[in-house]
Amino acid sequence: MLAKNFLWGGAVAAHQLEGGWKEGNKGLSVADVMTAGAHGVEREITDGVLPGKYYPNHEAIDFYHRYKEDIALFAEMGFKCFRTSIAWTRIFPKGDELEPNEAGLQFYDALFDECLKNGIEPVITLSHFEIPYHLVTQYGGFRNRKLIDFFERFARVCFERFHQKVKYWMTFNEINNQANFNRDFTTFTNSGLVFNDGDNREAIMYQAAHYELVASARAVKIAHEINPALKVGCMIQFSPIYPATCRPEDVLMSQKSMQKRFYFADVHSFGRYPKHITEYWTRKNIVIDFTEQDQADLLAGTVDYIGFSYYMSFVTQYNPDNPYFDYGEETDFVQNDFVPRSDWGWQIDPVGLRYSLNYLTDTYRLPLFIVENGFGAIDEPSDDGMVHDDYRIDYLKAHIEQMKKAVDEDGVVLMGYTPWGCIDLVSAGTGEMKKRYGFIYVDKDNQGNGSLARSRKKSFYWYQQVIQTNGEQL
Ligand code: BGP
């Protein structure tokens with residue numbers, strides 16, 4: 001049985017739903033300068049004002065003006081918590097100012113008050129793919145050690161201002177996405193790295209990740225100093241990477257691929273890097289700017305819980321071109337014929353969620369929080385005006401079943417479950433509106449047309465009943 005105070009809710013990120021990109025003195029974030037992509041088309045990064053280009057995050061779903069209506073709908077579903085992020089550029093429009101922007105702080109004061117008034121606990125991510133654009137152009141993003149201080153200032157201001165309203169925090173969303181350094185990863189990371197030809201991407205990635213990990217640890221320490229009751233977690237993108245067969249080389253490859261992607265959680269939880277990473281740096285001649293103070297900071301700022309997203313699993317196999325078993329690359333991933341895939345090719349694997357919960361518990365022995373899980377699909381309202389999203393219900397039901405088994409049968413300590421995109425919003429990966437996750441439909445299309453009206457999908461009523469029965473009736 002799930003605990004009585006289990007945190008059922010939903011998750012979003014500021015830049016994907018707020019809009020109001022210039023309101024309240026907000027500055028430009030990386031998300032504001034990204035055009036819409038499409039199926040398989042990367043989003044383009046411009047200066048944010050290219051004529052004729054559509055920037056989906058500028059208006060998003062206008063939550064900035066409609067949050068009261070949306071929170072009322074979350075309350076109607078019975079949400080116990082609501083996970084969103086604070087847009088860094090509302091608080092520090094450029095990122096390097098000394099004083100915060102009061103109008104931005106007031107917006108979040110009002111938003112958190114509205115949540116609390118409705119019996120909904122805010123769960124807040126400090127940085128969710130929305131780093132100030134100025135920090136990218138002027139400082140090179142997290143290539144630069146100065147970013148640690150800028151982030152620390154931002155975190156301190158948020159904790160000081162909101163610690164009586166917000167108990168649960170996370171530092172960087174999916175911090176480990178940058179492990180895929182061969183991709184152009186600006187859309188899916190917080191690091192604000194733009195690569196030039198000839199860059200040693202891998203070395204830059206490890207350095208930026210190190211600065212982010214130190215910045216995160218410093219934030220955790222500050223939060224605990226300001227209010228020891230605060231719970232601060234990390235946020236890891238978790239997808240197990242299975243071996244293609246029981247061939248020992250495949251199994252070892254799977255292990256090495258998991259090490260590469262999830263060492264971030266080791267540093268967050270233990271305050272130390274695992275040896276396999278430091279050995280790898282030595283072997284690859286990667287020299288990291290890593291001071292004694294950094295090490296002290298990492299140890300002083302270990303997290304209280306592990307927040308993670310779970311959407312899918314992967315499969316990898318031995319690559320004869322990699323005889324040293326260096327960390328596996330995505331190019332070595334193969335299809336899993338045992339599981340179906342979504343329209344976007346994401347492998348649907350509910351049992352993998354139970355595996356992940358067990359893996360994370362065994363490795364870190366910390367409470368866990370599933371802060372993202374969900375099914376991105378094309379929804380079409382029927383003649384009765386409602387979206388009958390049985391496919392989404394099926395996906396969530398199957399995952400909740402496995403989550404309950406992990407708690408009931410495996411003894412996993414789980415704080416809560418917040419499905420991703422509880423209201424339709426702009427896709428982070430593609431910038432589309434038509435990749436929808438919500439229980440609440442928003443009338444808007446990929447070109448930005450639509451009334452922005454909200455309506456309840458079939459899954460809205462289903463999830464309402466799940467929460468009402470604390471997960472007993474699926
Ligand atoms: C996660 C991100 C979210 C979210 C989700 C779905 O990686 O934390 O911001 O967007 O993925 O991805 P997409 O929007 O590309 O479907």
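Is the crossing of H11 and H12 left-handed or right-handed?

## Basis of the model

This is a predicted model, in which local features need pLDDT of at least 70, side-chain atom pairs count only at pLDDT 80 or more, and totals for chains, interfaces and linings use all residues. Residue numbers start from 1 along each chain as its sequence is written. Helices are DSSP runs (H or I, at least four residues) numbered from the N terminus.

## Helices H11 and H12

The crossing of H11 and H12 is right-handed, a term that applies if the near helix is turned clockwise from the far one by less than a right angle, left-handed being anticlockwise. Helix H11 spans residues 350–364 and helix H12 residues 390–408; they pack at about 30 degrees with axes 8 Å apart. Axes are lines fitted to C-alpha atoms over the stretch in contact, and angles run from 0 to 180 degrees between N-to-C directions. The two helices are therefore roughly parallel (under 35 degrees; over 145 is roughly antiparallel, 65 to 115 roughly perpendicular, the rest oblique).

On H11, the contact (C-beta atoms, placed from the backbone, within 7 Å) is made by Pro350, Val351, Leu353, Arg354, Leu357 and Asn358. H12 contributes Ala398, His399, Glu401, Gln402, Met403, Lys405 and Ala406.

## Helices H7 and H10

The axes of H7 (residues 201–226) and H10 (residues 292–300) come within 8 Å and cross at roughly 50 degrees, which makes H7 oblique to H10. This crossing is left-handed.

Leu213, Val214, Ala217, Arg218 and Lys221 of H7 meet Asp294, Asp297, Leu298 and Ala300 of H10.

Notes:
Two residues are in contact if their C-beta atoms, placed from the backbone, lie within 7 Å.
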